[in-house]
Amino acid sequence: MERDFPYPLEDLGRSSTLPAPRLDPVRAAFAEAVLAGFARKPRSLPCRFFYDAHGSALFEEITQLEEYYPARVEAALLEVHGAEIADRMGDARVLVEFGSGSSRKTSLLLSALARVAVYVPIDVAGESVAEAAEWLSERHDGLAIRPLVADFTKTCTLPVVARRSRKLGFFSGSTIGNLTHAEAQAFLANAARLLGRGAALLIGVDLKKDPAILLPAYNDRRGVTAAFNLNLLERINRELDGDIDVSRFVHDAIYDEDQGRIEMHLVSLACQRVRVLGWEFRFGRGERIHTENSHKYSVADFQFLAQSAGWMPVQAWTDKDRLFSLHLLRLA
Ligand code: SAH
Ligand code: AVI
């Protein structure tokens, strides 16, 4: 259960007499999440904070890795089935994307969706969204791009230009897998409210498979995923006056068969104390910080989840090796 910070904890000691620094809202939210996440046992940090400028660049590097099949297979599905997907998505003029990142896959979709005139990317990573908007505007002439730097799990309001027309939603990369099942259901219900009557939603969802394929995707040989995970600690040092010795933590990714999910952790290599914004935390040797879940679904399980949130499954596309799925959903 999430609790508000501050609250009493036996290993939490304010060791600094410095006045609390003034924080901008993004840093304040990060500070609150880190202080609460480090105070909790077992320790955890929300994965949406991976995506500062450095983390977003590392994620793009992950998408190029041989072992990280989701990005490659999803892009291939969009290319191969683009025309059919566009045909089935209908003639909406507004495309709303959740967790749009670099928008590279969006470009594939937009090429097939001739009538879309307004694109609303929603992402917490402000710099990524700004770069993506520039990159897309050079490739899709006349497209009005109206980015929203926001948390897609919270309620938000679409820009006026996007409000009246019928809408298409797009949620790629299996980012829905980073939410628990309850959070995913709440997200889908929230997306239904935002997109409104008659909307369609295209979602990329990673499929359950042999851990012999899954595990290398999150433990790549070049250590890019490790760097992506450890960047969370570096971000704490950069933004929250942290003194964490990052070399005393290692990346670990495991597959939990019962939960059907990859879990990423940072593991403390030693008994150590770290400071964040003047607060001190003690880590035991081998103590873990849970940083990400990446749930995997069967096609039927995901359709069931979508229906429970009010969406009608229209069609699902998978590759021949059944690594990844693209689901088209519709609202009555
Ligand atoms: N859809 C892109 C990017 C996937 S990476 C692709 O498939 O390549 C996940 C993206 O979701 C990142 O850009 C990250 O900043 C964004 N993100 C993660 N959690 C978010 C949240 N709660 N609200 C908004 N954006 C979020
Ligand atoms: C964005 N998200 C779906 C990725 C995933 O596979 O869960 C993030 C990621 N984590 C490690 N590698 C990639």
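**Figure 1. At 2% relative accessibility, F283 counts as buried.** Buried here means under 20% relative accessible area, exposed means over 50%, and partly exposed covers what lies in between (1.4 Å probe, protein chains only). This is a predicted model, where local features need pLDDT of at least 70, side-chain atom pairs count only at pLDDT 80 or more, and totals for chains, interfaces and linings use all residues. As for bookkeeping, residues are numbered from 1 along each chain as its sequence is written, chains are lettered from A and ligands numbered from 1 in the order in which they are written, and side-chain values use heavy atoms, with hydrogens and water left out. R43 lies over the face of F283, 4.3 Å from the ring centre. A charge counts as sitting over a ring if NZ of Lys or CZ of Arg is within 6 Å of the ring centre and within 35 degrees of the ring normal. R43 belongs to strand 2 and is buried too, with a relative accessible area of 1%. Its side chain also makes a polar contact of 2.6 Å with the side chain of E287. For a polar contact, take a pair of N or O atoms within 3.5 Å; within protein, one must be able to donate a hydrogen and the other to accept it, and residues adjacent in sequence count only if both atoms are side-chain atoms.

**Figure 2. Strand 11 (residues 272-276) and strand 12 pair in the antiparallel sense over five bridges.** Helices (H or I, at least four residues) and strands (E, at least two) are DSSP runs, numbered from the N terminus. Two strands pair if DSSP finds at least two bridges between them. Here, Q272 has F283 of strand 12 as its bridge partner. The hairpin leaves two residues between the strands, and L277 takes a positive phi near 50 degrees in it. Strand 12 is mostly covered, with four of its five residues buried.

Figure 3. The rule takes rings of Phe, Tyr and Trp (its six-membered ring) whose centres lie within 6.5 Å; planes under 30 degrees apart are stacked, over 60 edge-to-face, and the rest tilted. F50 is buried at a relative accessible area of 0%, while Y51 is partly exposed at 23%. F249 and F283 make an edge-to-face pair as well, 5.5 Å centre to centre with 85 degrees between the planes. That pair ties together distant parts of the chain, 34 residues apart: F249 in strand 9 and F283 in strand 12 (residues 279-283). F249 is buried, at 3% relative accessible area. Elsewhere, ring pairs join F50, Y51, F59, Y68, Y218 and F228 into a cluster.

**Figure 4. An open sheet of four strands runs in the order 2-13-10-9, with mixed pairing.** Its edges are strand 2 (43-44) and strand 9 (249-256), each pairing on one side only. Helix 7 (residues 211-218) packs on this sheet, touching strand 9, strand 10 and strand 13, and its direction makes about 155 degrees with that of strand 9. Contact means heavy atoms within 4.5 Å. Axes are lines fitted to C-alpha atoms, for helices over the stretch in contact, and angles run from 0 to 180 degrees between N-to-C directions. Strand 10 (residues 261-268) and strand 13 (residues 288-295) pair in the antiparallel sense over seven bridges. R261 stands opposite H295 of strand 13.

**Figure 5. Strand 7 is largely enclosed by the rest of the structure, with five of its five residues buried.** K167, G169 and F171 point one way, L168 and F170 the other, and all are buried. Strand 3 (residues 94-98) runs parallel to strand 7, joined by four bridges, and L95 faces L168 there. Strand 8 (residues 200-206) is parallel to strand 7 as well, again over four bridges, with G169 opposite L201.

**Figure 6. N178 sits in the loop between strand 7 (167-171) and helix 6 (181-195).** It is buried, at a relative accessible area of 15%. Leaving aside neighbours within four places in sequence, N178 is in contact with C47, E183, E292, N293 and S294. With E292, a polar contact of 3.5 Å joins the side chains. E263 is 85 residues away along the chain, yet its C-alpha atom is 9.6 Å from that of N178.
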